Amino acid sequence: MADKRILVTGGSGFLGSHLCEALLRKGNEVICVDNLYTGSKRNIDALMDNRRFEFVRHDVTFPLYIECDEIYNLACPASPIHYQRDPVQTVKTCVHGAINLLGLAKRLRVGILQASTSEVYGDPAIHPQTEDYWGHVNPVGPRSCYDEGKRCAETLFHCYRVQCGLPTKIVRIFNTYGPRMRPDDGRVVSNFIMQALKGEPLTVFGDGSQTRSFCFVSDLVDGMIRMMAAPDECAGPINLGNPGEFSMLELAETILELTGSKSKIVFRPLPQDDPKQRRPDITQAEKLLNWRPTVSLREGLEPTIAYFRSFAR
């Protein structure tokens, strides 16, 4: 519904900035909150002159006092290289941030959506991953600050729903890519594209057989907005991602083809706790949200590569 005043935390990040744009296109007012730890004002430059858009620099680990009609909580570094840089702050952002925003939603009696992650499944023992799978997570590994932080945030959202009757929503986001990803975020799509454009070797960890599923950002944003608009009893968690599955070697070869790069592929040891397989079962999203991704990997990679060319000069 248009004409709402919507708060988006993490709104100047890759995913958040696309969400802000989509909400504005629907006629809403948007308050973008970000501490710019990994977000960038460059991502929201085109929105700053929009009278229905407002940017607030703020860290969600501190209470936030804003009036709004809906809340999307996307605040947290999402790439391992960034969330492992300050793991204590990552946990605080996930947990304290959730507590502060749930408290705000409770005071205002408004709906709130948590952008959770496929990382709650860890290195999964079932494939593809369904929402009723509890996960296989190392609580003291290098990825645990993010994995367990997001798992705790889901628990908090569930508890506020049960105890306080708050209309909470949880989506578990699988690998998403597109323009405005940071070139230094350490994730595989940005890594491969930047290496290909610079003529550097593409670094594949392990033997390249581990798989991921890649969802283009416009599809993912559409799924989040549909989830927020769904009836209150549709609380989730619900998987959002593209069920198409590709090995790292397939992704590397596709990017080399699309960029026309002459780069070679080199292999490095697999990082600790790196999942071998990751693919969403989106049956619930299809059934409850009438949602399914429409952008193929090759279609989505083309504008993504075009965006990254300016960084590789």
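Two strands are said to pair if DSSP finds at least two bridges between them. The legends below use the term in this sense, and they describe a predicted model.

**Figure 1. Overall view of the predicted protein.** The secondary structure of the protein comprises nine helices and 13 strands. A compact globule of 313 residues would have a radius of gyration near 20 Å, and the value for the protein, 19 Å, agrees with this. Along the principal axes, the C-alpha atoms fill a box of roughly 55 × 45 × 40 Å. Of the 313 residues, 56% count as buried. The protein exposes about 13,700 Å², of which carbon and sulfur atoms supply 51%. Among contacts between residues at least 6 apart in sequence, 82% join residues at least 24 apart.

**Figure 2. The open sheet of seven strands.** In what order do the strands of this open sheet lie? The order is S3-S2-S1-S4-S5-S6-S11, and the pairing is parallel. Strand S3 (53-57) and strand S11 (238-240) stand at the edges; each has a single partner strand, so one side of each is left without a neighbour in the sheet. From one strand to the next, the twist averages 20 degrees. In general, the strands of a sheet pair through backbone hydrogen bonds, either parallel or antiparallel.

**Figure 3. Strand S4 and its two partner strands, S1 and S5**. Strand S1 (residues 5-9) pairs with strand S4 (residues 70-73) in the parallel sense over four bridges. Within this pair, Leu 7 has Ile 71 of S4 as its bridge partner, and Thr 9 has Asn 73 of S4. S4 also pairs with S5 in the parallel sense, over four bridges. Which residue of S5 is the bridge partner of Asn 73? The partner is Gln 114.

Figure 4. Helix H6 (residues 217-229) lies across S4, strand S5 (111-117), S6 and S11. H6 runs at about 160 degrees to S6.

Figure 5. Arg 172 lies in strand S6. Is this residue buried or exposed? The relative accessible area of Arg 172 is 8%, and because a residue under 20% counts as buried, Arg 172 is buried. The side chain of Arg 172 makes a polar contact with the side chain of Glu 154, at 2.7 Å. Leaving aside residues up to four places away in sequence, the residues that Arg 172 touches include Ser 116, Thr 117, Ser 118, Tyr 121, Glu 131 and Tyr 133. Also among them are Pro 237, Ile 238, Asn 239 and Leu 240.

**Figure 6. Two cis peptide bonds.** The peptide bond from His 127 to Pro 128 is cis, with omega near -5 degrees. Pro 128 is found in the loop between S5 and helix H4 (144-164). The peptide bond from Gly 236 to Pro 237 is also cis, with omega near 5 degrees. Pro 237 has its place in the loop between H6 and S11, and Pro 237 is one of the residues that Arg 172 touches.

**Figure 7. Two residues with positive phi.** Leu 36 lies in the loop between S2 and S3. Its phi is near 65 degrees, a positive value in a residue other than glycine. Arg 109 is placed in the loop between helix H3 (87-108) and S5. Phi of Arg 109 is near 55 degrees, again a positive value in a residue other than glycine. With a relative accessible area of 47%, Arg 109 is partly exposed.

**Figure 8. Arg 143 in its loop.** Arg 143 is found in the loop between S5 and H4. Although Arg 143 lies in a loop, it is buried, with a relative accessible area of 10%. Arg 143 and Thr 294 are 151 residues apart along the chain, and their C-alpha atoms are separated by 31 Å.

Conventions
Residues numbered from 1 in each chain as written. Predicted model: local features only at pLDDT ≥ 70, side-chain atom pairs only at ≥ 80, totals over all residues. Heavy atoms only, no water. Axes fitted to C-alpha atoms, helices over the stretch in contact; angles between N-to-C directions. Contact = heavy atoms within 4.5 Å. Buried < 20%, exposed > 50% of the residue type's maximum accessible area, 1.4 Å probe, protein only. Polar contact = N/O pair within 3.5 Å; in protein donor to acceptor, adjacent residues only side chain to side chain. Rg over C-alpha atoms; globule rule 2.2 N^0.38 Å. Areas by Shrake-Rupley, 256 points an atom, 1.4 Å probe, with all protein chains shown as cover.
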